[in-house]
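This report concerns the aromatic side chains of one protein model. Please consult the sequence and structure shown here alongside the text.

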Amino acid sequence: MPSISGYKKRLDLEDVPQLDSLNSAQRSFSVLRNKLELDKSKSSQISTVSLVKALISTTWKDIIVTGLLCLVSTLAAYVGPFLINTFVKYLNGRRDLNAGFLLVSAFCVAKIVAFLAHRHCEFKLRQAGIKVRAALVAMIHHKGLTLSSQSKQGHSNGEIINFMVVDAERIGDFSKFTHNTWLVIVQVGLALAILYKNIGISSLASFVATILNMRILKLYGWEMKFLSRIDDIRSKEAHWLYKFIFTMALSNSAFWVAPTVVAITTFGTSMLVGIPLDSGKVLSAVATFKNLQDSVYSLPNTISKIAQTKVSLDRIASFLSLAELDSGLVEIVPRGSSDTSVEIADGNFSWDVTSL
């Protein structure tokens, strides 16, 4: 065992359990490189779209599995709000033991399924993010070793390290937000269906209130301008960061208040149009608003991550499009097969900036 060996001797690489080949960085790097080389054969430049397609090809199985898990988790999470009204009616009416057992079992099973699906989805998304980050780091490192002399003049070692440490990490972290955009639509649709079942036409008031509260998203349209300003004018970095943080705080505050505003609007509309509200309908609506709060709250953060990831993808795609050394100019022989360390044949050296 590695832990026992650690008391007796220094741990070697052989003592550390190896990753499965499907999760290895070598496999992710090979898939990404092959896909980019295929796209580069059709076009001399690597665009952001082609880079995104290549990254998806490295984790497409994880994306499909996590998408299904997210859908199952979302559907199971809304079983409770859907059955609360039925459960309250059961408590207030004639109690059938079998019916009560089925209702309680449905609540328990739905909660367990939602929890397991959500946790496993988070695990798989983190795993996919690590694969993407490892593939990008390996690709950037390989590109840095094969850059031409002219290309190296425009990118220092610090910039290349920044691509691996900051941009690759940011793209890998985006895996946690992969399904948020379409999940919000599914969750809002389920919430409206449950509200319409319980309070009828008043559910439209909740939809209108949700749309009005979502107008605060327009504040996030400034983020790209903030990022470009920070890149172009370093002297004003603190000023733009202050505005960005202030905008984010204002947006988050608005989204935390939004479910309360939606609930007040919905119940107020029900009272005005004469729709009776009993305890079951109110509890079901409140539980629905609670589920909706988490999904709607994550939306502004998702939009922020999309903007930041887009900037990182553009930077890496631009770096991977730089000119490389001609691979046919260098021949590497096995170590120990020759007494000569370096041999240059017909070398042509120049200080011309256009020379490779």
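The sections below describe the aromatic pairs, their surroundings and a contact between a charge and a ring.

## Overview

The structure is a predicted model. Across the whole structure, the search identifies 3 aromatic pairs. A pair of aromatic rings is described by the distance of the centres and the angle of the planes.

## The pair F87 and Y90

F87 and Y90 have ring centres 6.5 Å apart, with their planes at 25°. Planes under 30 degrees apart count as stacked, so this is the class assigned to F87 and Y90. Both residues belong to helix α4 (residues 79-92), where a spacing of 3 residues separates them by about one helical turn.

The relative accessibility of F87 is 26%, and the residue is therefore partly exposed. Y90, by contrast, is buried, at a relative accessible area of 15%.

The aromatic pair of F163 and F319 is tilted, with 5.1 Å from centre to centre and 50° between the planes. F163 is located in helix α7 (residues 157-173) and F319 in helix α12 (residues 279-320), so the pair ties together parts that are 156 residues apart in sequence.

Both members of the pair are buried: F163 has a relative accessibility of 6%, and F319 has a relative accessible area of 1%.

## A charge over a ring

F82 takes part in a contact of another kind: the charged end of K197 sits over the F82 ring, at 5.0 Å from the ring centre.

Terms used. Residues numbered from 1 in each chain as written. Predicted model: local features only at pLDDT ≥ 70, side-chain atom pairs only at ≥ 80, totals over all residues. Heavy atoms only, no water. Phe/Tyr/Trp six-rings, centres within 6.5 Å; stacked < 30°, edge-to-face > 60°. Helix = DSSP H or I, 4+ residues; strand = E, 2+ residues; numbered from the N terminus. Buried < 20%, exposed > 50% of the residue type's maximum accessible area, 1.4 Å probe, protein only. Lys NZ or Arg CZ within 6 Å of the ring centre and 35° of its normal.
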